Amino acid sequence: MSLISSLRLDGLRQGGRHGVPSSESRDPIGYLVAGLNRLAQSELIDRVRLRKPAEQAVFTVTRDGFKVLTAASRTFARAGKPGVSGTRPVPASAPKGVFDLTPTEDEQMLVDVVTDYAVEVVRPAASEANETCEAPEAVLKAGLEIGLPILGIPEALGGISEERSAMAGTLVAEALAHGDMGLAVASLAPGSVATALGLWGTDAQQQTYLPAFTGDDAPAAALALTEPTVLFDVLSPSTTARRTAVGFVLDGVKTLVPRGAQAELFVVGAALDGKPVLFLVESGADGLEVEGDPSMGVRAASHAKLTLTGVTVPAEAVLGETDGSTYTDCVRLSRLAWCALSVGTAQAVLDYVTPYVKERQAFGEPIAHRQSVAFMVANIAIELQAMRLLTYKAAARAAAGKDFTREVALARKACADKGMQIGLDGVQLLGGHGFVKEHPVERWYRDLRAIGIMEGSVLV
């Protein structure tokens, strides 16, 4: 039996997990990736000493990209009442008395669990995930077990959120990014779609999609807002939606979509009647094509490019309002998430360079004894604290249901500029070591440069 025939047969038997379902269409590279993945599972390559070449081949194909027409691997059963507002999380209680950033007992417990996950699972897998541009299955499964996909889903819908989860989501994103930003994005992307459904979905949308996220096998899902256009303005997407008798037709291109090749559900931003609107698009939609889109940083998120060519969606696929207000809220919550990710990664830089400059010897003494070095480390700590305070203030207002437009704009500006500077200073403090992959600071520098560029992908 030929390899491709075998892959098709496995796809029918196993639902396409390691093979290619007969309903899926791949180009030759798509078959190559599937074949290499199957080969990597065989004990034969160890006996003939081909493990390393096989792994290198998988890496090369993943790095250079892939192109595949998507196919639905999950059927979402329609349920609920169309047109009826879904369950909404209530605003968090506003703090009383003096200004206090101390997490609540529940938030601290959640942060402690996520911190352990970041230290024990995420950080050890980060280097290899950066090279392969793919989040390991074990990391994603561990994130599922600690409840990352259901963080923003109301309790009434099977989640763990009693109130608006912007503050808790911010703390979680920060803790995850301290392990690795790319793996944090990969782990948080499905929960971002679930949170969006909890915030803006109708009863029918929530009853149709959220049960999958609260089960034992949460689907990969992602926000798709960024576009590969010059002078891109996220609030004026080039992707268009036009009305038809039965729904809408979407056309356009989205880029930097995390885990796009595996995603079964997308939240796509498109212009409808001159206003930006969010649409739910399932991966099996005709005309939806996914192509590998490796990036300079945040590589473990397995970024992909979505091409929508005459993709038809039903009228009930609209998520939230069509006047642009829901879309704008989504952008702000997404920017807040990226601010939190930058804080966590910048903290990782500070935690790494501080002991390094104390131990690194030059001219008979630690380089930390040099004023220029000591001042640079101090500046990292100062700017990091400013980033954190601005981010937390914006998150607190978002959780309380208050307007946080100004606060998130200030936080994003600080995190984009100062976060990138912190990454640069971290590389500088390590000298020649900052330029090699033996130390993770060069990876964190590349990741921190994404803060001012990324739109969508994750939200809190």
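This is a predicted model: local features need pLDDT of at least 70, side-chain atom pairs count only at pLDDT 80 or more; totals for chains, interfaces and linings use all residues.
Residues are numbered from 1 along each chain as its sequence is written, and side-chain values use heavy atoms, with hydrogens and water left out.

Helices (H or I, at least four residues) and strands (E, at least two) are DSSP runs, numbered from the N terminus.

Two strands count as paired if DSSP finds at least two bridges between them. Strand 3 (residues 221–224) runs parallel to strand 6 and is joined to it by 4 bridges, with Ala224 opposite Val268. Strand 7 (residues 275–282) pairs with strand 6 in the antiparallel sense over 8 bridges, and Ala271 stands opposite Pro276 there. The hairpin of strand 6 and strand 7 has 2 residues between the strands, and in it Asp273 takes a positive phi near 55°.

Within strand 6, Val267 is buried, with a relative accessible area of 0%. Contact is taken as heavy atoms within 4.5 Å. Not counting residues up to four places away in sequence, Val267 touches Val193, Ala222, Leu223, Ala224, Leu278, Phe279, Leu280 and Leu319.

Attention now turns to the nonpolar cores, each a set of buried Ala, Val, Leu, Ile, Met, Phe, Trp, Tyr and Cys residues joined through side-chain atoms within 4.5 Å. The largest core has 104 residues, of which Leu197, Trp200, Phe213, Trp338 and Leu341 touch the most other members. Helix 10 (residues 325–359) provides the largest share of this core, 18 residues. A second, separate core of 24 residues includes Ala222, Phe248, Leu250 and Ala270.

Helix 6 (residues 137–145) has Val139, Leu140, Ala142 and Gly143 buried. These residues cover an arc of only 160° around the axis, which puts them on the same side of helix 6; the arc is that of the directions from the helix axis to the C-beta atoms. The face turned away from this buried side carries the exposed residues Glu137, Ala138, Lys141 and Glu145. Packing of the buried residues is against helix 5 (105–132) and helix 8 (181–200). Just after helix 6, Gly147 takes a positive phi of about 90°.

Finally, the structure holds 2 cavities of 30 Å³ or more. On a 1 Å grid over the protein atoms alone, a cavity is a set of points where a 1.4 Å probe fits but cannot get out, and lining residues have an atom within 4 Å of a point. The largest cavity has a volume of about 130 Å³, that is, the space filled by probe spheres set on the points, which are joined across faces, edges and corners. Its lining has 15 residues, with Leu151, Leu188, Thr195, Leu459 and Val460 nearest its centre. Helix 8 gives the most to this lining, with 4 residues.

Note on methods: Buried means under 20% relative accessible area, exposed over 50%, partly exposed in between (1.4 Å probe, protein chains only). On a 1 Å grid over the protein atoms alone, a cavity is a set of points where a 1.4 Å probe fits but cannot get out, and a pocket is an open set with protein on both sides within 12 Å along at least five of seven lines; lining residues have an atom within 4 Å of a point.
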